Amino acid sequence: MEPANHFTVLRRYWRLLAGCTAAALLVGFLLTPAGDAVDTAKWQCKAAITPVAGSGDVVKADQVLSYAQGSEVANAAAKKLNLPMASVTGRRTVTAAGTQMLVFATTGPTQQSCMDLAGALANATVDGYSAETQKSADEQIKRAQEQLKTQQAQIDDLQRAASKASGADQARLKPQLDAATNELTETLKRITTLRSTSQTDAIQQWGSIDAKETGGSLLSSPSRGLRLTLAVVLGLALGVVAALMLSRMDTRLRGRNSTEEAFNLPVIGEIPLLSRRLRRTREPLVVARPSDPGAEAYRSLRSTLLLTGPASLSAQFGEGGISQAERVSRRLAEPSPVILVMSGRSGDGRTTTVANLAAALAETGREVLVLDCDFRSPQAHVHFGISDGPGMAELLSGEQLPNLDDLIRRTNVDGVRLITGGNTNAYPAALVLRAGEVLRRARRHADVVLIDSSPLLHANDAYDLVQHADAVLVTVMAGNVKPEQADRVSELLSRTGVPVAGVALLGTDGPSGRRAREAVRVVTTVGGRAGGPAAAAATAAPAAAQPAAGARAAEDPDPPTGPSWARRRAAETPAETTMQLRLNEDL
């Protein structure tokens, strides 16, 4: 994939990139301590703590570990070193290296700061735990001394009783006296042990502090801003990878080459992707923003139809137009062409193309009649700024009688009139049975008749209307149609035998490829800006040059290979269908 295509993919999936970046930023924010509390870990130091000799049976390793991990030790070390509490907590790690050893691991920007912190934590643990042990031993000594007094009083009572008793009673009291004496002795021993414990430390630092240089990295940076920046970069990288993978798996048609291959039809117009504000515009872009690149693209599409369409479509109107009487006589002599604008799926910009193509044709002096035959979702009246009302549904169902003038309504675009979709409760497919008669009459009311139809793959209306049209224009929204759907549309159109002008590709990033350069040369040859006087004069050139076309074709050994229905009619050769073209290619 070329770099330009990569940028196109990233722009298409910008929401995914933003989501991945925001998620990484949130995770980095939650997992990073506030402020600059964590120093850069260039040094790592370890200090070991073990029980004092003789106190191993008294000291509980799990109790010492729990105490060392508590806030009291960190607070004491922070006060001693005059450091923030968060700095000490973020730089220490306490683990049990065995049943009789704890290890403090600390980090710091320098060796001395790292060793000072490890020593302070070790001293705070030794002093604090020893103080707690001494306090506990003192409390136990007090309880033992009270127990000792009770036991001594019991022995005194037994001795007095024995001195007054007879020989038999003394023998009976002797075991009780011995047991009380033994308990007194045990209590005295426990008091001695507790006094020894309270007078000495229970734990001690073992050996010296181990210092090792580890080097720093971005992951150990003290700055929350730097860590969040790293999170944003990682999230963006993840989004780019995800976007490229989704682009690989996405088979929808987006470019000229893939569209032509899927439809087996030429792309005769590429309409750039419009901004959201322009897409919300209720009138044709050709009228609302005449100088916009999108409007110029619609004019280019119009010029292509005029140059390659039927002779009646490319008829000369002159720079100043013709009179109404001449229009009527011309329509009687040669019926006006009917162009059916259709699409495979909804959302392919069919109605938008009809509105802008009608406005572009009206700029050349032609009177255009738009028939809204999308009975399931009629929207043409919205683009032309008029309200809905009786229209094609009533006309085709027989509710409105033959006079089309009663249903034809003027629009906000000069030269364009409209018959709305109308209101109907009937099954839409049943309405097209009278379409042939209605279109025959509609040809006499305008120089060009444009039909907006339902999506071909969603309804059968468009397929029934094809047989009454002189040409078909297929619209495709980039990223809305899959290759198998395009192949189905091409297959259905090939069965009708009606000439297909080509495909109008909407929502593209701009013309590209060999065909785009050829289109630019054609527009340059036509001369002038589309829609201006030069273009109007140029559209008259094909009709004026038709009488000499046959003679030039006989002299020119390499006639133009582009499609021209006018040349085919002059030579009286039948129009090839798409299916016939496929068979010729296979042969």
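Helices (H or I, at least four residues) and strands (E, at least two) are DSSP runs, numbered from the N terminus. I am working on a predicted model, where local features need pLDDT of at least 70, side-chain atom pairs count only at pLDDT 80 or more, and totals for chains, interfaces and linings use all residues. Residues are numbered from 1 along each chain as its sequence is written, and side-chain values use heavy atoms, with hydrogens and water left out.

**Entry 1: strand 10**

I checked burial along strand 10 and found five of its five residues buried. Val 448, Leu 450 and Asp 452 are covered on one side, Val 449 and Ile 451 on the other.

Next I looked up its neighbours, taking two strands as paired if DSSP finds at least two bridges between them. Strand 6 (residues 338–343) runs parallel to strand 10, with four bridges joining them. There, Leu 340 stands opposite Ile 451. Strand 7 is also parallel to strand 10, and five bridges join these two. In that pairing I find Val 368 opposite Val 448.

**Entry 2: salt bridges**

Side chains of opposite charge can pair when their charged atoms come close. My rule for a salt bridge is a side-chain nitrogen of Lys or Arg within 4 Å of a carboxyl oxygen of Asp or Glu. How many salt bridges does the structure hold? I get 14.

I picked out a few. Asp 470 and Arg 443 meet at 2.8 Å, N to O. This pair links distant parts of the chain, 27 residues apart: Asp 470 sits in the loop between helix 18 (461–466) and strand 11 (471–477), and Arg 443 in the loop between helix 17 (435–442) and strand 10 (448–452). Arg 443 has a relative accessible area of 15%, so I log it as buried.

Then helix 12 (residues 293–308): Glu 296 and Arg 299 both lie in it, three residues apart, about one turn of the helix. Their side chains form a salt bridge at 3.4 Å, N to O. Arg 299 counts as buried because its relative accessibility is 4%, while Glu 296, at 22%, counts as partly exposed.

Arg 302 pairs with Glu 363 at 3.5 Å, N to O. I have Arg 302 as buried at 0% and Glu 363 as partly exposed at 31%.

**Entry 3: cavities**

Rolling a probe the size of a water molecule over the atoms shows where empty space is left. I used a 1 Å grid over the protein atoms alone; a cavity is a set of points where a 1.4 Å probe fits but cannot get out, and lining residues have an atom within 4 Å of a point. By this rule I count four cavities of 30 Å³ or more.

The largest cavity holds about 70 Å³ of space, a volume being the space filled by probe spheres set on the points, which are joined across faces, edges and corners. Its lining includes Ile 49, Thr 50, Pro 51, Met 101 and Ile 203. Strand 1 gives the most to that lining, with three residues.

Key:
Buried means under 20% relative accessible area, exposed over 50%, partly exposed in between (1.4 Å probe, protein chains only). On a 1 Å grid over the protein atoms alone, a cavity is a set of points where a 1.4 Å probe fits but cannot get out, and a pocket is an open set with protein on both sides within 12 Å along at least five of seven lines; lining residues have an atom within 4 Å of a point.
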